[in-house]
Amino acid sequence: MAPITQSRNLLRTCPLCEAVCGLEITMDPDDHVTSVRGDRSDPFSKGFICPKGASFGHLDEDRDRVTEPLIRDRATGAWRTATWDEAFDYIAERFPAVVARHGAQSAAAYLGNPNAHTVAGTLYVPALLRALGTKNIYSASTADQMPKQVASGLMFGDPLTVPVPDLDRTDYLLMLGANPLESNGSLCTAPDFPGRLKALRGRGGRFVVVDPRVTRTAKLADEHLFIRPGSDAYLLFGIVHTLFAEQLTDLRVEVTGLDELRTAAAAFDPGTVSARTGVPASTIVRLARELAAAPTAAVYARIGTCTAEFGTITQWLVDAINALTGNLDSPGGAMFATAAAGGITRTKPFRPGRWTSRVRGLPEAMGELPVATLADEITTPGEGQIRALVTVAGNPVLSAPSGARLDEAFAQLDFMVSVDRYVNETTKHADVILPPPRPTQSPHYDFALLQFAVRNYTRYSRPLVPLGDRPSEPAVLARLAAALTGRPHDGSDGIDPLTAVDELVIAGMLHKAGIPERRGDLIGENSTEQRIDLMLRLGPYGEWNGGTLNLQVLLDNPHGIDLGPLQPRLPGVLRTASGRVDLAPQPLLDDVERMRARLSDAAPEIVLIGRRQLRSNNSWMHNIATLVSGSNRCTLHINPADVARLGLGDHAVVKSAAGTLTVPLEPTEAIMPGVVSLPHGWGHGDSAQTVARTHAGVNANVLTDDSVVDVPSGNAVFNGVPVTLAPA
């Protein structure tokens, strides 16, 4: 092939958040990104781009990224580069030996949220976890979204059956604890979320935000309501109570548990919950009436409500209200996307708590344990104590509660492997770091995120840059899976680990579909693409399922394909035992008793909440100069009245039950009195990343307490943390 001698424009999906925006990327002859624009021909994002996407090239070629495997000398802490074979040989020698000495449950894995944005994370991490053979699986899900998934699993039978607001057709949107103008949306895949909200108002709709801060999203709304952090479930119960009391319900889907829900809501009348939430009783009644009266309406609540003490109850009540007002599975209400690939495979109803953690007895959900107890499992002696750990694209020292405990715990491990692009606050403890390729060297398909899209859509992006002599991320994970068990990882036994994984999966899917003879029909440049082709062909739009979709169709349409607006899907997507929506799952009714007991508790004088930032996605984007500028500052937002009342200066000492921080203050009327806010993912004081270290900030999770969790899901509690403030 002749060398490329001029710049070229290439297309791909942005992998940096949940909005799945199309990008048009210009690359020079040396494979460097020279400019990034929004892809105006993408039918879903239509040219929208945010500062994260615009900085894609800087992230792709970050000078501090790890480019070759690293091995750490435990005696000196020094790193040395290694060949891929050497790194995997070292893992194969050390990791299985630890497990042989201490048993299978001495191994653990932690998965960070970037896994949801990669082909490798979706298709190959499962093989890695099977190789580990342990129940000690942890992820960012229990620091983020698990309440939503547990609630959905109990109501609909599958934790991935998550309704999303039909933003483009709704007449009324009630949003709690979400700030999509900063985050671009979460468990609601919607490129150009700001434009969609403006369009809602432009067509005469109404948009209400409930949040302890006047966020950028709240400023766009018709109405903003302050609420005391952690009390969203009480507000929603007040709405449910009103819907029943005023006979405003309009059920249009088959349900069970209606009487049980009515009984549970009886104790939470608007007057009672007003004192707890800080929202006037008359306003709560008005919200219920507006939701019931709107032609179409949807309630949407995200991270601010998930990461609270009653997160799962909150998520349950969100969709209970959507159902009670006739807006569940209805155009303009809360609907279920139909993803082209990677849809529902569950045949039995979801059941959480199939096992519990060794030390604290916290429940499993979706095959993983709460990250809030990971430090306990490493530091507590006894059978099953974690001695060896694998992390994939995660930094729990900064993103999990009680980060300082995890920092100390990781130092005690016998062996640790990290698949990561950086030496960061977590991976500095690893014995081996295996770097993934640059994003431009990887394919992209959003298996997870398109299951939560506000419009049905599909797009595939091939790698923009050749891999050269380094392995792909799927190959890294497949070889790692082999090395962890001591099997040959280099094909020396005649079996390539990546091919073996793919052929096993492909054969299983073809057998299940009853068409094993179609193996030769699959197309693709490699077995990863052939798996994608198979998933598309067998999917709801696929050519082996009555449609026309396959990989070639996506390759022929590089800007993506619009598959149409969301369509009603009930009862087909339900996996509950009754075949109906369960409005009163027993595990959630049980937790209502705990919630009722807290009704009369005195509110703490000051509580801490987190906040999203436009140029940030947790901790892993803080080494890009263009993304740590402007409003991305690690300051404590505080109401000026609290500054004056407490006699504070430019800095304050913030203390919780878990730890103490000294932080710079940023007084603002945008936050309600009695509430302070720190952004998530900072604290890079001893980082090996030069830009991040210069803009270190403080780790908010020094203050969060890993002993406090949302009971049904085990999710960590980051919002509503009681703190005290004193002059620095």
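Me: Which strands and helix each supply at least two residues of the lining of the largest cavity?
Reply: The model is a predicted one. The largest cavity has a volume of about 90 Å³, and 14 residues line it, with Lys 148, Pro 163, Pro 165, Val 299 and Tyr 300 the closest to its centre. At least two lining residues come from each of these elements: strand 8 (164-165), strand 13 (298-301) and helix 15 (311-324).

Me: How many residues of each class are in the lining of the second largest cavity?
Reply: The second largest cavity holds about 70 Å³ of space. Of its 13 lining residues, the closest to the centre are Cys 14, Cys 17, Cys 21, Cys 50 and Asn 184. Cys counts as nonpolar in this classification. The lining divides into 10 nonpolar, two polar and one charged.

Me: What distance separates the end C-alpha atoms of helix 20?
Reply: Helix 20 covers residues 497-513, which is 17 residues.

Me: Which helices do the buried residues of helix 20 pack against?
Reply: Buried here means under 20% relative accessible area. In helix 20 the buried residues are Pro 497, Leu 498, Val 501, Asp 502, Val 505, Ile 506 and Leu 510. Residues three or four places apart in an α-helix point the same way, because there are 3.6 residues a turn. The buried residues of helix 20 pack against helix 5 (125-132), helix 19 (473-484) and helix 21 (527-538).

Technical notes: Residues are numbered from 1 along each chain as its sequence is written. This is a predicted model: local features need pLDDT of at least 70, side-chain atom pairs count only at pLDDT 80 or more; totals for chains, interfaces and linings use all residues. Side-chain values use heavy atoms; hydrogens and water are left out. Helices (H or I, at least four residues) and strands (E, at least two) are DSSP runs, numbered from the N terminus. The expected span of a helix is 1.5 Å times one less than its number of residues. Buried means under 20% relative accessible area, exposed over 50%, partly exposed in between (1.4 Å probe, protein chains only). Contact means heavy atoms within 4.5 Å. On a 1 Å grid over the protein atoms alone, a cavity is a set of points where a 1.4 Å probe fits but cannot get out, and a pocket is an open set with protein on both sides within 12 Å along at least five of seven lines; lining residues have an atom within 4 Å of a point. Grid points are joined across faces, edges and corners, and a volume is the space filled by probe spheres set on the points.
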